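Notebook open, model loaded. I'm jotting down what I look up as I go.

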Amino acid sequence: MKKVTKGQWNGYDTYILHSRELEVTLLPRLGNNVIGLTDKVQQREVLRRPEENELDFYLQKPYHFGIPLLIPPGRIRRGHFEYAGQHYQFDRNTANDNHIHGLHRTQCWRVSDIEEDEEGCAITTEFLTSDDPEWIRQYPVPLKLEMTLRLQGTSLSQTFKVTQLGDNPAPFGLGLHTWFLLDGRPDAWTLRLPVTETYLLDEENVTTGEAAPLGEFDRLNTGLNLKGTNFDTMFSIGGKPAEALLQREDGYAIRYSASPEYFKHWVLYTKGEADQFFCIEPYTWLPNAPNLNLPNEVTGLIDLQPGQQLTLQVNLDIVYPS
């Protein structure tokens with residue numbers, strides 16, 4: 001069962017990675033989103049999957065399903081910043097004329113490689129930002145983006161390679177907006193997330209750069225039951241392990257981890273009080289990072305030099321009750 005097969009979603013090709021335990025569905029031609037993760041042992045969907053009749057909503061807000069890629073993540077005040085002498089103006093797409101969740105939406109990625117071996121299977125996709133006029137208008141430094149999705153048993157890894165193809169330094173940030181299902185039982189789930197502080201937002205929900213003590217959120221470090229929680233909150237990892245553990249009362253768990261040298265922040269989001277889903281979002285940069293008077297070591301802004309190649313990795317592991 002360690003193989004990659006093809007499928008369809010609303011007439012768009014999907015690629016499905018199979019192991020004995022899991023089935024992972026990738027939609028390269030509409031944003032390269034992992035739109036489905038099925039646990040065949042538990043017979044449950046792990047992620048919020050778009051239904052066939054939700055195409056219009058998906059095209060409008062693809063970051064509401066699966067494991068969407070945010071480049072860069074979060075809000076940028078008025079969508080504007082300056083960096084290394086270069087002017088950047090992202091489209092203003094929020095109620096307060098700010099920008100949210102980056103330039104990557106439903107672009108068409110190209111499948112460049114498929115691997116199947118005794119241990120697992122993998123698919124590699126790529127995208128040149130210069131192929132998208134809307135992207136290059138807003139972020140004029142061209143990038144080559146590559147993603148390798150590899151499935152081995154109960155482990156799924158996403159490896160991102162970013163190559164800077166321009167002539168000037170560029171600011172880079174990447175995040176994932178991962179929608180984990182709670183099956184309508186938030187009371188049955190506990191989240192353990194090593195964090196040190198929260199970041200403050202202004203009245204427009206834009207990050208100010210100021211931090212605050214965890215307060216009641218300190219329970220995340222030992223385990224917080226999700227019943228009654230209502231999150232739209234950003235946290236600093238602060239040198240702790242970049243690893244979240246979402247555990248059900250019977251011992252079933254999802255371990256979600258990221259490259260600790262780059263992923264410095266988590267966002268938790270419930271879209272109101274937690275019920276059907278819980279978003280756990282690893283971010284490399286603090287939203288609005290280029291406009292904050294803070295060092296890159298704090299914001300996580302990555303200074304991409306011409307010709308530089310950056311590699312980031314995120315891992316998702318299913319843990320079954322012993």
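Predicted model: local features only at pLDDT ≥ 70, side-chain atom pairs only at ≥ 80, totals over all residues.

Started with the cysteines. I find Cys121 at 0% relative accessibility, so it counts as buried; Cys108 sits at 46%, so that one counts as partly exposed. My cut-offs: buried is under 20% relative accessible area, exposed is over 50%, partly exposed is in between, with a 1.4 Å probe and protein chains only. I then searched the whole structure for disulfides and got 0, taking a disulfide as a pair of cysteine sulfur atoms within 2.5 Å.

Residues are numbered from 1 along each chain as its sequence is written, and side-chain values use heavy atoms, with hydrogens and water left out.

Next, strand 26, residues 277–283. I count 7 of its 7 residues as buried. Strands here are DSSP runs of E, at least two residues, numbered from the N terminus. Which residues point which way from strand 26? Phe277, Cys279, Glu281 and Tyr283 go one way, Phe278, Ile280 and Pro282 the other, and all are buried.

Two strands pair if DSSP finds at least two bridges between them. Strand 17 (residues 178–181) is joined to strand 26 by 4 bridges, antiparallel, and Phe180 stands opposite Phe278 there. Strand 25 (residues 265–269) pairs with strand 26 over 5 bridges, also in the antiparallel sense, with Val267 opposite Glu281.

Then the open sheet: 9 strands, order 11-12-13-14-28-24-23-18-21, antiparallel pairing. Strand 11 (110–116) and strand 21 (224–225) are the edges, each pairing on one side only. Inside that order I checked strand 24 (residues 253–258) against strand 28 (residues 309–319): 6 bridges, antiparallel. Ser257 in this pairing faces Asn315 of strand 28.

Last, packing. A nonpolar core is a set of buried Ala, Val, Leu, Ile, Met, Phe, Trp, Tyr and Cys residues joined through side-chain atoms within 4.5 Å. The largest one has 76 residues, and Tyr139, Phe172, Leu191, Tyr256 and Ile280 touch the most other members. Apart from it I see another core, of 9 residues, including Leu70, Ile100, Tyr283 and Leu286.

What does Tyr139 contact, leaving aside neighbours within four places in sequence? I get Tyr88, Phe90, Leu103, Ala170, Pro171 and Phe172, with contact meaning heavy atoms within 4.5 Å.
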